[in-house]
Structures are given as C-alpha cells and as structure tokens.
Amino acid sequence: MILHKFKNQADLDRAAADLIISVVRAKPNAVLGMATGGTPVGLYNEIVKTYKQGLVSFKEAKTFNLDEYVGLPVTHPESYRAFMQRNLFDHIDIKAENTHVPNGNASNVDAECRRYDEMMYQQGPVDLQLLGIGHNGHIGFNEPDTQLSRFTYQVTLKQETREANKRFFNSIDDVPTHAVTMGMGSIMQAKAILLVVKGAEKAEILDRTLNGPITTQVPASLLQTHPRVIVMTDCDVEYKVSH
Ligand SMILES: N[C@@H]1[C@@H](O)[C@H](O)[C@@H](COP(=O)(O)O)O[C@@H]1O
C-alpha cells in the first residue's frame, strides 16, 4: 500500500481527483469503480471542475458503482443512483448507458446481483476502484462478519451503519435495512484501488485497516493483500511496513 497524508481535505480531494483524471487521460475507455457517501463528494466536485475546463473527457469511460440501497426508489435523493447523477454524472460527458449502479428495486434481487457480476466480468476489470470506509471497516456495504462474499449480494445492514447513514435521511426508520453490494472478490479484482479516508474519527479504523490483522471482521483489512492500493487521508496514521 502507498499512504498519502494530507493536511486538509481540499488538497486531498484535488489529489484524488487528479489520480482518477490521470487514469482516464491515459486510457479514455477506462473502467472506473465509483463510491458514494460523504467522502467522495469533494473529489467529484474537483473532477467536474476539471471537466468544465475542457481538460478531460469521459465520453468513452465506463463506471460501476459499489452498491445501492434495496427498496429505495431511484428518484429518492439518497438513492446511490440519484447521488451519482447529482454529484458527477449530470455534470460530465459520460454516456448514460456506460454508468452502472446495482438496481436495488429489482423484483428478483439475486438475479440482479448475478447480472451485475456478469456485466462487470464482461466489461472489466475495473482500472481504478474508488473506496471510502465505514467506521466499522466496511467497504462498499461488505459488513464485518465471520465470512465475506466474493460476489455481488444482498446484505442486511448493521445497525451501526444505518445509524451512521441516518444523517442523510429524516430518521433512522427511513434508512433502508438492506443493500446490494459488490462482493469482496469483485472489489479485489480491480487493477488498482484508491481508498479515501477523511476525518479524525476514522483514524482508528484506518490504522486497523493498514496495520491490523487481515480479518473478515474488518473487511477493509483485506486490502492489505491487494498489490496496488493507494490510501489518501487527512488522518494522523502511519503505515507500518514491518513488525
Ligand atoms: N456504502 C457506503 C460506503 O461506500 C462508504 O464508503 C461508507 C462511508 O461513508 P462516508 O463517506 O459518508 O463516511 O458508508 C456508506 O454507507
């Protein structure tokens, strides 16, 4: 892993945006893995700024999002499809048919998970996967557990995850109980991974991700086994290269 530390979030957002932009400049038909949550909003803004300056085009690029809530209409502002449209897709020249977010309203969710995996398999691998992290170490919506899933699947969200995300809803009761998420296998297939972690309250889980045991109880710790992970953070953490 490579750890880049930043003194402020504005610099972090710019650097993260620049990395994503450099991938698309080098390979216009790049496949990008996208993330949601509070963390990537600033870096998406930076990407939009650069696009508006005419310095990058996403005409040939494809995107696959990590996850989507189950049962939340796509028109709901907190659906991850709506989030992506509002924060990125509506402001750049990416083709609608090249943006992929799991369908959390499919009548057969298992079939939707298989469809998503097949599409990723055919169009992938992902060149750069963007990730945030949950306070409990989840990536996508792969929650801590005794075992993790390789494939896209429907997950029951942990109470702590619903609590963390209630800030986006009117009340905890409005936060969906389930989501569809890429499995760990799909995430780990990406050629490179950019993990962005913001805020002092995430320093402890980032330390466990970088330096703790590799365990399904901290899904992000599996990233230690990936050959090309870049971590960008404003947290006060170190990456210990030996014990
Ligand atoms: N499923 C998403 C993750 O992809 C995200 O990384 C994480 C942290 O979110 P935030 O960036 O808002 O802290 O939780 C969400 O629920």
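Hi everyone, let's start with E143, which counts as buried with 22 C-beta neighbours inside 10 Å; buried here means 20 or more other C-beta atoms within 10 Å of its own, exposed means 12 or fewer, partly exposed lies in between, and C-beta atoms are placed from the backbone. This is a predicted model, where local features need pLDDT of at least 70, side-chain atom pairs count only at pLDDT 80 or more, and totals for chains, interfaces and linings use all residues. Residues are numbered from 1 along each chain as its sequence is written.

E143 sits in the loop between strand 6 and strand 7 (153-156); helices (H or I, at least four residues) and strands (E, at least two) are DSSP runs, numbered from the N terminus. Leaving aside neighbours within four places in sequence, E143 is in contact with H138, V155, L157, K158 and T161, contact being C-beta atoms, placed from the backbone, within 7 Å.

Where does UniProt place the feature "active site"? Its unreviewed entry gives D67, N136, H138 and E143, though such annotations may be inferred rather than shown by experiment. D67 belongs to strand 4 (residues 67-69) and is buried, with 23 other C-beta atoms within 10 Å.

Now, helix 1. Which of its residues are buried? They are L12, D13, A16, A17, I20 and V24. Seen down the axis of helix 1, these fall within an arc of 125° (taken from the directions from the helix axis to the C-beta atoms), so they line one face. On the other side, A10 and A26 are exposed.

How values were computed:
Two residues are in contact if their C-beta atoms, placed from the backbone, lie within 7 Å.
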